[in-house]
Amino acid sequence: MSKYLQKQADLQKEFDEKPSSLKGDYAQKEWWEMPVEFREGNFCFPAKPEVIEELGFPNPRKWSVTEEDWQLPEGWQKTLMEGMRERIKKYRSLKLYLDSCVRCGACADKCHFFLGTGDPKNMPVLRAELVRSVYRGDFPVVEKILKGFAGSRRLTKEVLREWYMYFYQCTECRRCSVFCPMGIDTAEITIMVREILQLVGLNNNWILAPVANCNRTGNHLGIEPHTFVQNIESLVDDIEELTGVTVNPTFNRKGAEILFITPSGDVFGDPGVYTMMGYMLLFEHIGLDYTISTYASEGGNFGFFTSNDMMRKLNAKMYHEAERLGVKWILGGECGHMWRVVHQYMSTMNGPANFLEEPVSPITGTKFSNAKATKMVHIAEFTADLIHNNKLKLDPKRNDHLRTTFHDSCNVARGMGMFEEPRYVLRKVCNSFHEMPENTIREQTFCCGSGSGINAEENMTMRMKGGFPRANAVRHVREKHQVDSLVTICAIDRASLPPLMRYWNPGVSVYGLHELVGNALVMDGEKKRTEDLREDPMTGFDDKGDDVD
Amino acid sequence: MKKILIPLAMVVVLALVPFIGVQYLGMSYLFGVIIPYAAVALFVAGFFYRMVDWLGRPVPYNITSTCGQEQSLEWIKQDSIESPSKPWHAAVRVLMEVFLFRSLFRNNKAELRKGPDLVYGSAKWLWLGGLVFHWSLLVIVLRHARFFFVMTPGFADSLEQMDSFFDITLPAFYLTDALVLSAITFLFVRRVTDAKMRIISLPTDYFPLFLLGGIVGAGVLMRYIAKVDVMPVKDQMLRLMSFSFEPPGEIGTLFYVHLFLVCVLLLYFPFSKLVHMGAIFLSPTRTMLNNSREKMHVNPWRKPMRIRTYGEYEDDYREKMKKAKLPIEKE
């Protein structure tokens, strides 16, 4: 177990001793008097100087979060205040959301970090107040007249520490914005504050290193083209060994109809690789004319967690490569924040993509008119359409060894509105599917606790706390329906939910949706299947079993 | 406590100002003519400024909060209100926020129990309290129209009739008076009893509650207890409506307290959280359409940008790509 992880028993004790969503006695205290404490396990390491330098971000240096001196540049207050003013000019959302909160408290117990830590500053309203208090102090006349009345304060080092802590304890999941009567979206505020903090060199390595990798090699993991190809080819071998079917992915091929882009975690990470195998089986099954790019080899976009410009720069590769290869449209794999960026930002940032065509499924002829401008289709939409038109030969019994539930990924849920497609696919490829409680799914879904680039090992205790509401909902269906498989359509989920499950719900495994599709697909010329893509035995398909096929 | 007592003291002092001013210093012209004109002018200008200021700022990205199924495949039913794709969908969405507090209706409360176990319960009180509070205020404002026009407008008449349905006092008791006072009490009590609310509340949250309480209190006293003669009040309001600067007639001092607190509210409004009245119509997460893949949303401040091109990438990795038999652009 990680040294950055509080023992489960200790954390359990902490919860049990203070069984209240708000921990501690705050009767006599104001939130701005509470100290900020960086402890092992509750923060991410800062970005390495060489990484910052490579990206051209300000103030590269070696520094430590727990040290007193953060080696801030000369005039850091001025830089930050100007950065804030500039963004207030450029974003109506930011200005409006700083101005219009009435502190009704509806958001307070909606944040997974608040529910997991009981720390009042993790209530979305206070997270925003950390900035609002400084913003209000930026009107000197009013401030002098009503000193103390409006709760304003100066940007001190202590405030800066607060910003650094709490805006990296927000995963931009937008759950609070669903409940806010004003529609205030804390993610907007977090995005801006992180961008401003970047100006004085406050960031984390778990975000910036992938960003630098992605810029240089095309993907977050920093896989160079030859290794990228090798790895997918080894998955091809695995598929052949398991199913007897040879799939034939192509790379950087001009003239393919479709460019397929998925998070690099699907190519390199466990259990993402099984999802990748599922995609490839599906494409082989329908004879899709597609290619994978080693240059645009990343669906995810950690630039989204640093700055607007960086997000745009990384995202631009998708269109750039689609144009070079001359494909008709782009198909995107399972990922959360990737789809927030593709759905809500891509055409605005890098469009119009007039060199592409309105996406049409070559198998069913369905026009994806909802992607007319962006020209990028989500794999769950694509597969749901295939199944609906009876284009897939599926045997859902091949997933009978799994009892599943579905985790809506924040960004796909609240930044895209995709709820039915993955559920439709899931119901068609497996027989056992149980929903988690209604306050924890769909638009009310809880974050995995590690989204938006805080998935670092050293932040493990905080991640386990932030993921607690999700884990608790899984436990509910585990106890009620013996669910043992958590299905998701997000690469960060596939990386972060396994440790969360090991911690809170041992025995629950994490699956990508298309891994289950891959299990269920009855391929032409396949050999007798007894194991799923993970080489786990299927139920009722053993050698002596009564195989219905 | 300080953050509650200071705003309370402020409201008390503000109520005493016109009382002393009119009762002992004979400043009825100041409180009956000059301040009301100034307050209304500043309110209109201030509110207009805030709206124009917000509207003038760009909305670079489409950031709809999707709380329902997107429009995608034909056979999947779209939730057109929570995931709007046409302007009228979003209009309905926003109006439902304004009139019915739809998002607040979703509110639930999470409780941590031993286990540890999270339990979610229904929590509609804030929704109900907020709705009663705002609707009562609206009805009260509208039925005040009878003071501002020679002939009471039809809507004000019918509102008044409905509002005085429980005809148990003389003059007729208004239901909204009771409702708004209860709602203010509720909103105040939850701020001091719930530990979470106590932490997040600022003096600026208590002040408007006390101020509104003071306004309603003075109005209620005037009507039911002190029984201030309404005719000179109406005369004065009609004079103000015709932009007359004539001095007011003999009116009970309590009226000046009521009027002055309203003026303070008008002044405070555009520069405080009360501007949420206008903001709710503009919130991008609610007003925008979830059609960002269907229709390109334009960012007015987008500038050309240099990216790492495929060419540069190939230059860096050409040999490795060749070895991996990847197609390349240049030999």
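## A four-stranded sheet in chain A

In chain A, four strands make up an open sheet with parallel pairing, in the order β2-β1-β3-β4. Strands are DSSP runs of E with at least two residues, helices are runs of H or I with at least four residues, and both are numbered from the N terminus. Two strands pair if DSSP finds at least two bridges between them. The edges are formed by β2 (290–292) and β4 (376–378) of chain A, each of which pairs on one side only. On average, neighbouring strands of this sheet are turned by 30 degrees against each other, direction ignored. Axes are lines fitted to C-alpha atoms, for helices over the stretch in contact, and angles run from 0 to 180 degrees between N-to-C directions.

Within the sheet, β1 (residues 258–261) and β3 (residues 329–332) of chain A pair in the parallel sense over four bridges. A:Leu259 has A:Ile330 in β3(A) as its bridge partner. Helix α15 (residues 308–325) of chain A packs on the sheet and touches β1, β2 and β3 of chain A, with its direction at about 150 degrees to that of β1(A). Two residues count as in contact if their C-beta atoms, placed from the backbone, lie within 7 Å.

## Model and numbering

This is a predicted model, in which local features need pLDDT of at least 70, side-chain atom pairs count only at pLDDT 80 or more, and totals for chains, interfaces and linings use all residues. Residues are numbered from 1 along each chain as its sequence is written, while chains are lettered from A and ligands numbered from 1 in the order in which they are written.

## A three-stranded sheet in chain A

Three strands of chain A form an open sheet in the order β5-β6-β7, with parallel pairing. Its edge strands are β5 (404–407) and β7 (509–512) of chain A, each pairing on one side only.

Strand β6 (residues 485–488) of chain A pairs with β7(A) in the parallel sense over four bridges. In this pair, A:Thr488 stands opposite A:Gly512 of β7(A). Helix α24 (residues 513–520) of chain A packs on the sheet, where it touches β6 and β7 of chain A; the direction of α24 makes about 80 degrees with that of β7(A).

## Two packed helices

Helices α12 (residues 225–243) and α14 (residues 272–286) of chain A pack at an angle of about 70 degrees, and their axes are 10 Å apart. That angle makes α12(A) roughly perpendicular to α14(A), a term for angles of 65 to 115 degrees.

From α12(A), the contact uses A:Leu235, A:Asp238 and A:Ile239; from α14(A), it uses A:Val273, A:Met276, A:Met277, A:Met280 and A:Leu281. By class, the residues of this contact are seven nonpolar, no polar and one charged. Ala, Val, Leu, Ile, Met, Phe, Trp, Tyr, Cys and Pro count as nonpolar, Asp, Glu, Lys and Arg as charged, and the others, Gly among them, as polar.

## Domains of chain A

Chain A is divided into domain 1 (17–34 + 58–202), domain 2 (217–388) and domain 3 (396–520); these bounds come from an automatic or database domain assignment. The C-alpha centres of domains 2 and 3 of chain A are 22 Å apart.

In chain A, 31 residues of domain 2 are in contact with 30 residues of domain 3. On the domain 2 side of this contact, α14(A) gives the most, with eight residues. The residues of that side divide into 15 nonpolar, twelve polar and four charged.

## Contact between the chains

The contact takes 81 residues from chain B and 95 residues from chain A. The side of chain B that touches chain A has 41 nonpolar, 21 polar and 19 charged residues.

Notes
Parallel < 35°, antiparallel > 145°, perpendicular 65-115°, else oblique.
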